[in-house]
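The tour below moves from one selection to the next.

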Number of protein chains: 2
Amino acid sequence: MSTLTFFNCFEVPAGREDELLARWQRIEDYMEAKPGYVAHRMHRSLAPDAAFRFINLVEWTDLDEWNAARDAGFAELLASPGGEDFRMAPTLCEVIDSGGAFA
Amino acid sequence: MSTLTFFNCFEVPAGREDELLARWQRIEDYMEAKPGYVAHRMHRSLAPDAAFRFINLVEWTDLDEWNAARDAGFAELLASPGGEDFRMAPTLCEVIDSGGAFA
């Protein structure tokens, strides 16, 4: 598999889940329209007190498209007011092992 | 989608990637044989200095099977010597949004 998987793990102050999701949706909509976007899944932790309340996963065709997608429009969305209240752990990865068949 | 997604984000001291992967593989082999395991993907960050060097993702059929799989054998593997050197951020999640088609 040559695609890349981008993870973003979000810390969310209690009670601000909807705010985070609205911010995320705006960025997700923007990125989905970019060449190189393959698919995404956004996850919510079952435990309200988990270290990471949400984990987003986005598959990209390759590193060049991923870099190109992180353009000025993306930076502007990311820098919009309030974002500093949500800590993120973003990680770009390659798949090194897999098994089974996802539902 | 009613399946659950378990994430485990691993912090790995520099130079100990192989050790972490060997530990992970033993636990993964054990869990794959459990009822309720659907599929997994293990990811390695492209950046050697990423906060999380590896992120594992495992899909499970439901919460009951996931709980049942975390049995005494699993606890024994998890507690084997050396594990305390690798910090983990485990999170059990549900998918709340998805788009595209994964490769």
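Predicted model: local features only at pLDDT ≥ 70, side-chain atom pairs only at ≥ 80, totals over all residues.

What follows is a sequence of selections, each with a description of what is found there.

Residues are numbered from 1 along each chain as its sequence is written, chains are lettered from A and ligands numbered from 1 in the order in which they are written, and side-chain values use heavy atoms, with hydrogens and water left out.

**Aromatic pairs**

Over all chains, a search of the whole structure finds six aromatic pairs, a pair being two rings of Phe, Tyr or Trp (its six-membered ring) with centres within 6.5 Å, called stacked if the planes are under 30 degrees apart, edge-to-face if over 60, and tilted for the rest. Select A:F7 and B:F7 to begin with: their rings are edge-to-face, at 6.2 Å centre to centre and with 85° between the planes. This pair crosses between chains, running from strand β1 (residues 4-10) of chain A to strand β1 (residues 4-10) of chain B; strands (E, at least two residues) and helices (H or I, at least four) are DSSP runs numbered from the N terminus. Both A:F7 and B:F7 are buried, that is, under 20% relative accessible area, where exposed means over 50% and partly exposed in between (1.4 Å probe, protein chains only).

Next, select B:F6 and B:W66, whose ring centres are 5.7 Å apart and whose planes meet at 45°, so that the pair is tilted.

**Helix α1 of chain A**

Now select residues 17-32 of chain A, which form helix α1 with 16 residues; the helix reaches 22 Å from its first C-alpha to its last, close to the 22 Å expected at 1.5 Å a residue, where the expected span is 1.5 Å times one less than the number of residues. Which residues of α1(A) are buried? They are A:E17, A:L20, A:R23, A:W24, A:I27, A:E28 and A:M31. Looking down the axis of α1(A), you will find these buried residues within an arc of 135°, so they line one face of the helix; the arc is taken over directions from the helix axis to the C-beta atoms. They pack against β1, β2 (37-45), β3 (54-60), α2 (63-69) and α3 (72-78) of chain A, together with β4 (88-100) of chain B, contact meaning heavy atoms within 4.5 Å.

**Salt bridges**

Twelve salt bridges are found over all chains, each defined by a side-chain nitrogen of Lys or Arg within 4 Å of a carboxyl oxygen of Asp or Glu. Select B:R44 and A:E94, whose side chains meet in one of these at 3.3 Å, N to O. B:R44 lies in strand β2 of chain B and A:E94 in strand β4 of chain A, so the pair joins two chains. B:R44 is partly exposed at a relative accessible area of 28%, and A:E94 is partly exposed at 30%.

Finally, select B:R16, which forms salt bridges with B:E19, at 2.7 Å between the closest N and O atoms, and with B:D85, at 2.8 Å. The second pair links distant parts of the chain, from the loop between β1 and α1 to the loop between α3 and β4 of chain B, 69 residues apart. In chain A, salt bridges that share partners join A:R16, A:E19 and A:D85 into one network.
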